[in-house]
Amino acid sequence: MTERGYNFAYLDEATKRMIRRAILKAVAIPGHQIPFGAREMPLPYGWGTGGIQVTASILGPRDVLKVIDQGADDTTNAVSIRRFFRRVAGVETTERTAEATVIQTRHRIPERVPVEGQIIVYQVPQPEPLYKLEPRRAETRRMHALADYGLMHVRLYEDIARLGRVATAYDYPVMVDGRYLMAPSPIPAFDNPKMDRMPALQLFGAGREKRIYAVPPYTPVRSLDFEDHPFRPIRAPHACALCGSSESYLDEVVTDDKGGRMFVCSDTDYCASRRDVAQEAAE
Amino acid sequence: MYVAVKGGESAIANAHAWLAELRRGDAGVPELSLAQIEEQLGLAVDRVMAEGSCCDRGLAALAIKQARGDLIEAAFLLRAYRTTLPRFGATAPLDTGRMRIRRRVSATYKDLPGGQVLGPTFDYTHRLLDFALAAEGGAADAPPQLPADAAPVPRVTELLAREGLMQREAACEDEPGDLTREPLAFPASRPVRLQNLARGDEGFLLGLAYSTQRGYGNTHPFVGEIRHGVVAVEFTPPELGFPIEIGEIAVTECQMVNQFKGSRTEPPQFTRGYGLAFGHGERKAMAMAMVDRALRAKELGEDTTAPAQDEEFVLYHSDNVEATGFVEHLKLPHYVDFQSELENVRAMRRDAAPADEDEERAAAE
């Protein structure tokens with residue numbers, strides 16, 4: 001049952017069309033930021049208004065939606081956004097990555113990399129990968145136009161020279177199709193390789209900054225690095241305390257004030273399905 | 001055994017119930033009515049209308065009640081509602097020259113056509129807590145009244161312009177841009193800048209305006225005029241083809257008169273900064289006018305060195321709904337990124353550790 005008095009998926013059809021046009025442009029120019037007339041949503045800026053608008057404009061009544069925050073389906077913001085779409089679109093929702101047609105995410109890519117036919121929608125707080133080096137968007141636009149990314153390479157080089165490694169651990173900049181420097185959103189650098197030639201369509205929505213960008217299926221996405229300092233994704237060197245995975249990205253959970261801690265999968269669906277399989281095997 | 005934090009849905013529902021209970025407060029105290037908010041907290045209503053960018057006193061009062069008096073939250077509620085409303089078209093420009101004046105003061109002339117009208121102002125009150133107000137039930141004495149003077153009150157800037165001393169604004173019949181439909185792009189047109197400032201946070205604009213007075217981009221401002229009152233809103237329905245009056249709104253307008261030394265193409269003259277706010281919002285209108293003038297620095301060939309003159313800096317950071325969202329989103333979970341950072345710092349410390357030990361050893365020897 002959807003909320004009365006609102007159009008399907010909250011946004012009016014003219015707004016959805018405007019957003020879809022921006023998405024089409026974005027798909028046509030992988031990694032390039034397209035300005036769009038972001039609307040004021042009933043959720044605060046910073047809570048995923050860009051992702052919500054993208055999801056709202058691509059969602060159809062037969063879609064199955066999964067929403068995650070920090071890799072988990074049960075974090076409060078994921079719960080809240082899922083509930084929003086149940087309310088205003090009445091679509092089926094799921095916690096299973098495999099069952100979803102649209103996955104909206106904040107800060108993670110599921111361990112089970114999205115496949116052909118799926119769309120992953122990233123919530124993006126800051127679409128401009130160069131903003132820490134040059135805050136003026138009029139200037140960064142020019143830098144993108146000229147593919148003038150030397151500044152970013154210099155920054156990475158300085159990190160390596162001073163610290164022996166790149167100090168960026170998340171929102172690690174990527175080159176899309178060898179042309180545009182792109183912010184992958186604040187996913188851990190660990191997730192960056194999953195973006196490369198991903199079979200699913202990747203859409204990025206930044207509501208407050210009013211930008212949409214995209215990576216079409218099977219597009220090369222390369223994390224910036226140097227030949228002698230290749231990109232090294234990082235994860236806690238442990239196995240998940242619940243499912244035993246030593247491949248997945250882990251959350252560190254502090255269990256007491258005496259240094260006690262445990263490491264568990266951040267992707268709750270991945271962890272739960274591994275435990276189900278293990279249990280079935282045991283029975 | 002670790003159990004993942006579950007139950008987000010019921011936690012959210014319970015939090016909302018608690019919020020509703022706190023909003024109501026002690027049930028023994030009579031509930032606030034929207035009419036009370038509208039009538040007795042009128043300046044809060046005006047501020048929410050201005051920053052919520054929606055001229056509707058009843059809705060603003062509801063937003064204030066729902067937000068427990070948090071005015072930025074109230075502006076956010078009003079904005080989120082406003083964005084769902086259909087648009088029928090654009091009204092004719094307000095003619096504030098034909099305003100029914102409640103207050104009108106000029107700091108540049110002792111007396112002038114239309115006179116100085118002090119109106120309802122805090123300006124000359126002594127800020128002594130009035131304990132009589134703590135005792136409820138008293139109706140205020142009605143002030144003495146004169147018959148209204150219906151003659152239009154000419155604008156101070158127009159008086160100067162007739163003498164050729166005030167730069168004329170270029171007339172333009174184009175429909176102004178709308179940043180709620182089209183994202184900001186730079187350089188922004190003056191109408192878009194003014195729209196941004198009109199929606200902008202009063203505190204932010206106040207701070208910026210103040211900074212120009214303390215040397216960060218001086219604009220030498222004088223209050224040419226502040227006027228507050230009621231103006232007619234006219235709209236031309238396509239099926240009629242001529243403008244009809246669809247209502248009246250209260251606004252506050254401020255025109256700052258600023259010195260300008262002249263440039264290669266322009267003689268020395270005064271220039272203006274413009275501010276307009278819904279309802280009675282003098283602080284907002286004045287600050288807006290000063291920031292508007294500061295933002296014209298480039299156009300007038302002045303040095304742009306101060307934050308208030310930096311278009312991108314001002315326009316991207318003036319919106320309190322955007323600002324509060326992004327600042328407050330930091331309380332959302334960030335543990336995935338923090339974990340990545342944690343592992344990175346641990347790795348960097350490991351890399352650095354042997355060197356430190358070498359140094360310690362060298363120092364010990």
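Predicted model: local features only at pLDDT ≥ 70, side-chain atom pairs only at ≥ 80, totals over all residues.

Analyst: **A helix pair in chain B**

Residues are numbered from 1 along each chain as its sequence is written, with chains lettered from A and ligands numbered from 1 in written order.

H4 of chain B covers residues 57-66 and H5 of chain B residues 71-82; their axes come within 8 Å and cross at roughly 130°. Helices here are DSSP runs (H or I, at least four residues). The crossing is right-handed. From H4(B), B:Leu59, B:Ala60, B:Ala63, B:Ile64 and B:Gln66 make the contact, meeting B:Leu71, B:Ala74, B:Leu77, B:Leu78 and B:Tyr81 of H5(B) (C-beta atoms within 7 Å).

As for the cores, the largest nonpolar one has 71 residues, and A:Ala22, A:Ile23, A:Val121, A:Leu203, A:Phe204 and A:Ile212 touch the most other members. A core joins buried Ala, Val, Leu, Ile, Met, Phe, Trp, Tyr and Cys residues through C-beta atoms within 7 Å, buried meaning 20 or more other C-beta atoms within 10 Å. Helix H3 (residues 76-89) of chain A gives this core its largest share, seven residues. Because domain 1 (13-223) and domain 2 (235-283) of chain A both contribute residues, this core lies between them. B:Ala60, named above in H4(B), belongs to a second, separate core of 56 residues that also includes B:Leu205, B:Phe260 and B:Val314.

Definitions and conventions: Buried ≥ 20, exposed ≤ 12 C-beta atoms within 10 Å, placed from the backbone. Helix = DSSP H or I, 4+ residues; strand = E, 2+ residues; numbered from the N terminus. Domains from an automatic or database assignment. Axes fitted to C-alpha atoms, helices over the stretch in contact; angles between N-to-C directions. Left-handed = near helix turned anticlockwise from the far one by under 90°. Contact = placed C-beta atoms within 7 Å.
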